[in-house]
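Subject: Structure handover

Hello,

Here is the structure for your files. My notes on what was found follow below it.

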Amino acid sequence: MILRLDDLTLGYQRHPAVHHLSGTFAPGRLTAVIGPNGAGKSTLLKGIKGLLPTLSGRVALSKAERGRIAYLPQQADLEPGFPISVLDVVLLGHWRQSGAFGAIGRDGRAAAAAALAAVGLPGLEARTIGSLSLGQRQRVLFARLMLEDGAAILLDEPFAAIDSRTVDDLMAVIQRWGDEGRTVIAVLHDLDLVRRAFPFTLALAREAVAWGPTETVLTPATLDRMRQSSAAWDDNADLCHRGQSDAL
């Protein structure tokens with residue numbers, strides 16, 4: 001899926017958090033989104049998914065295409081104390097096909113078991129979510145994403161507070177998504193991981209500081225520009241009217 005942003009501005013209560021962003025996320029491309037706290041990274045993913053109305057510009061997607069975007073928010077929607085099994089959480093990934101009350105047959109359950117095996121949790125279908133570690137719960141959420149079968153996948157800080165082995169295992173899943181031609185956009189803070197595993201990077205500080213191949217983006221000059229931009233933010237600024245990012 002091609003995700004194209006045309007002069008996109010997003011914000012809250014008419015105050016922009018992402019300014020006039022233009023560029024393209026191509027199929028099969030793994031793109032990291034980096035930036036300081038408050039840079040608009042999570043806002044961007046919500047805008048692409050359609051969870052936040054645009055202030056100006058657009059995400060060039062049809063309604064059907066937007067429905068094919070899988071999204072993992074920063075604050076996962078799992079309540080550890082809720083008595084739900086690992087299998088039932090993964091099966092939620094079938095909702096787009098089956099609806100909230102649609103029956104899920106043997107094939108769907110087999111796909112869920114295969115997804116759990118793919119993320120390193122074989123045989124744990126009957127365990128409750130509350131009995132799992134934080135890293136195991138994140139593996140379950142990745143298994144659910146696999147069942148959503150999205151053409152594009154948005155990940156908001158998927159590795160926060162996760163052990164290194166889980167990061168490596170889930171990065172293998174992300175790499176497979178890219179190999180399958182899926183568009184993957186991940187908000188990340190670990191710049192070493194970005195350099196190692198994400199060929200493209202968007203450096204965001206409410207507007208695009210740089211966007212392109214990771215080796216050309218992750219430079220001292222870019223990181224310094226992000227810091228300078230964040231120091232100049234005005235959270236009470238009026239809605240801007242025109243402007244253009246330097247995205248590629």
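At what angle do helix α6 and helix α7 pack, and how far apart are their axes? Helix α6 (residues 134-148) packs on helix α7 (residues 164-179) at about 10 degrees, and the axes are 10 Å apart. Axes here are lines fitted to C-alpha atoms, for helices over the stretch in contact, and angles run from 0 to 180 degrees between N-to-C directions. The two helices α6 and α7 are therefore roughly parallel (angles under 35 degrees; over 145 is roughly antiparallel, 65 to 115 roughly perpendicular, the rest oblique). On the α6 side the contact (heavy atoms within 4.5 Å) includes Phe-142, Leu-145 and Met-146, and on the α7 side Leu-170, Val-173 and Trp-177 are among the residues met. The residues of this contact comprise seven nonpolar, three polar and three charged (Ala, Val, Leu, Ile, Met, Phe, Trp, Tyr, Cys and Pro are nonpolar, Asp, Glu, Lys and Arg charged, the others, Gly among them, polar).

Before the rest, the conventions. This is a predicted model, where local features need pLDDT of at least 70 and side-chain atom pairs count only at 80 or more, while totals for chains, interfaces and linings use all residues. Residues are numbered from 1 along each chain as its sequence is written, and side-chain values use heavy atoms, with hydrogens and water left out.

Mean pLDDT (the predictor's confidence in each residue, from 0 to 100) is 89 for the protein, and 89% of its residues reach 70 or more. Residues 242-248 are below 50, and this stretch has 24 contacts in the model beyond near neighbours in sequence. Where pLDDT is low, the predicted coordinates should not be read in detail.

The sheet is open, with six strands in the order β5-β6-β7-β3-β8-β9 and mixed pairing (helices, H or I of at least four residues, and strands, E of at least two, are DSSP runs numbered from the N terminus; two strands pair if DSSP finds at least two bridges between them). Its edge strands are β5 (69-72) and β9 (208-213). From one strand to the next, the twist averages 15 degrees. β5 runs parallel to β6 (residues 152-156), joined by four bridges, and Ile-69 stands opposite Ala-152 in β6.

Helix α10 (residues 220-231) lies across β3, β8 and β9, at about 155 degrees to β9.

There are two aromatic pairs (ring centres within 6.5 Å, using the six-membered ring of Trp; planes under 30 degrees apart are stacked, over 60 edge-to-face, the rest tilted). In one of them, the rings of Phe-25 and Trp-211 have centres 4.8 Å apart and planes at 45 degrees, so this pair is tilted. Phe-25 is in strand β2 (residues 15-25) and Trp-211 in β9, so the pair ties together parts 186 residues apart in sequence.

Regards
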